[in-house]
Amino acid sequence: MADDDSPPLAERRKRGQNTFQTSFGRVSVDAWVPVKDEGEDAKTTDGDASYVDQQYFGKAVRAARREGRGEEAASSGADFIDEQYFGKSPDALPTRFPLEEELPVPTMPTRSKEKTQGRPVQQRDDETPTEAKSESDPTDSRRSESVLAYKELRTNFDWMTEDELLELLRGRVLLNRDGVVALDKPAGLPVHGGPKVHLHLVRMLPRLASLLGADRLYLAHRLDQETSGVLLLARDEMTASRLHDAFQKRAVLKQYLAVTSRVPKMADGEITFGLKEGKVGGNAFKMVPSTEKEAISRFRVMASNNCAALVQVQPVTGLRHQVRAHLAYGLGCPILGDHKYSHNDRLAPQKLSGETLQKLRLRQTQVRNIPLHLHADQVVLPQWTSSGQLAVGAPLPKLFRQTLKWLKLRVK
């Protein structure tokens, strides 16, 4: 790993600096690595849980209804599906995992110790809260605490109005000068519209342009729906054309931060195998290794432990899902919460090691609730103005920071 005298990432953020790191080692990854499972007792779902559930568990639900268990299947929902695919969850997790500066987490509803077909049932109507708490399994609330935290810290755009989204976007403008507008896009907000999409960024551009005093705003590039961070817009057609040319000529420097579900074997290097669009599990889109289109990504491990890592990635090329596919196929380290790229040839739940589950306070069947941990950290436009480059960075989301605390990943 090349020597780097710059201050640590956390210190640079504290100072408000936007230093863009480009010193990577020469270790090259030019062939894809099959993604290996952590164990037979660990599974969760693809990012689109409903689609994957239908592909994997539809037969089990229909069979249950034929056997007279339709009401049970309908009422138990995801728990029924989890039991069909995962079996019963282990009860070996500790009751407490200490954290530093924990974010407040809502109290988990209690469950009775009474069992029905091997699974705890909900609190009875005739139970008092005190009785239910005293009889509940002390590990249940611990295991579900992370699930609730992820739901609380993630913005839900399904019920948001246009006025509310406009106000949110106005507060996330990182830069508005030299013809460029930079937004801190929240995870979960689609850039483009699609089936069952209520709100998306493109729909809001005319109102955001009026708010920022521009005639029109143009998209310069895109981010996946579940990716957070820096997204560039152009205030006029000339700037849009200039940005497009810069991206096409690979003159734009982009930097991402990702939490990986495994630890790369190399501290830094370059991934150089190509990618192409493919399909898996029917009609689901997925990038697959190929020689058709060149793809290059540089990476550096910023922090790691026995089960996970914080990885800095600089994609040289700009193919769709490039960072996700390169980390999964090139290093064998899928991004935490990236269920689509956790297996090579199928849509199936992401598997996490026992140590990762323990630190995240989760059962394996709850991993489906983990969102994608990929953040567009910085974008730099070299020689953009007469005075030099134009650089902009986005702070890590609270959800991302909370996961780093749980996993005890600290940048030295």
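Modeller: Let us begin with D377, which has a relative accessible area of 1%; buried means under 20% relative accessible area, exposed over 50%, and partly exposed in between, with a 1.4 Å probe and protein chains only, and D377 is therefore called buried. The model is a predicted one, in which local features need pLDDT of at least 70 and side-chain atom pairs count only at pLDDT 80 or more, while totals for chains, interfaces and linings use all residues. Residues are numbered from 1 along each chain as its sequence is written, and side-chain values use heavy atoms, with hydrogens and water left out.

Biologist: Where does D377 lie?

Modeller: D377 belongs to strand 14, residues 374-385. Helices (H or I, at least four residues) and strands (E, at least two) are DSSP runs, numbered from the N terminus. The protein has 12 helices and 15 strands. Between the C-alpha atoms of D377 and L396 the distance in space is 7.6 Å, and the two are 19 residues apart in sequence.

Biologist: What share of the protein is made up of buried residues?

Modeller: Of the 412 residues in the protein, 49% are buried.

Biologist: Which residues of helix 7 are buried, and why are they said to line one face?

Modeller: In helix 7 (residues 162-170), the buried residues are L165, L166 and L169. Seen down the helix axis, they fall within an arc of 100°, so they line one face of helix 7. The arc is that of the directions from the helix axis to the C-beta atoms. The cover over these buried residues includes strand 4 (173-177), strand 5 (180-185) and helix 8 (201-211).

Biologist: What does L165 touch?

Modeller: Contact means heavy atoms within 4.5 Å. Leaving aside residues up to four places away in sequence, L165 touches F157, M160, L189, L199 and M204. L165 has a relative accessible area of 0% and is therefore buried. L165 and L199 are 34 residues apart in sequence, with 8.4 Å between their C-alpha atoms.

Biologist: What makes the buried residues of helix 8 a face of that helix?

Modeller: The buried residues of helix 8 are L201, M204, L205, L208 and A209. Viewed down the axis of helix 8, they fall within an arc of 150°, so they line one face. P206 and S210, on the other side of helix 8, are exposed. The buried residues of helix 8 pack against helix 7, strand 5, strand 6 (218-219) and strand 7 (228-234). Just after helix 8, G213 takes a positive phi of about 75°.

Biologist: How do you know that L360 is buried, and what does L360 touch?

Modeller: The relative accessibility of L360 is 0%, so L360 counts as buried. L360 is found in helix 11 (residues 354-360). Not counting residues up to four places away in sequence, L360 touches S146, Y150, L336, L352, I370, T403, W406 and L407. The C-alpha atoms of L360 and E145 are separated by 9.1 Å, although these residues are 215 apart along the chain.

Biologist: What lines the second largest pocket?

Modeller: A pocket is an open set of points, on a 1 Å grid over the protein atoms alone, where a 1.4 Å probe fits, with protein on both sides within 12 Å along at least five of seven lines; lining residues have an atom within 4 Å of a point. The second largest pocket is lined by 31 residues, of which R222, K254, G318, L319 and R320 lie nearest its centre. Helix 9 (237-248), strand 8 (253-260), helix 10 (322-331) and strand 14 each give two or more residues to this lining. Strand 14 gives the most, with 5 residues.
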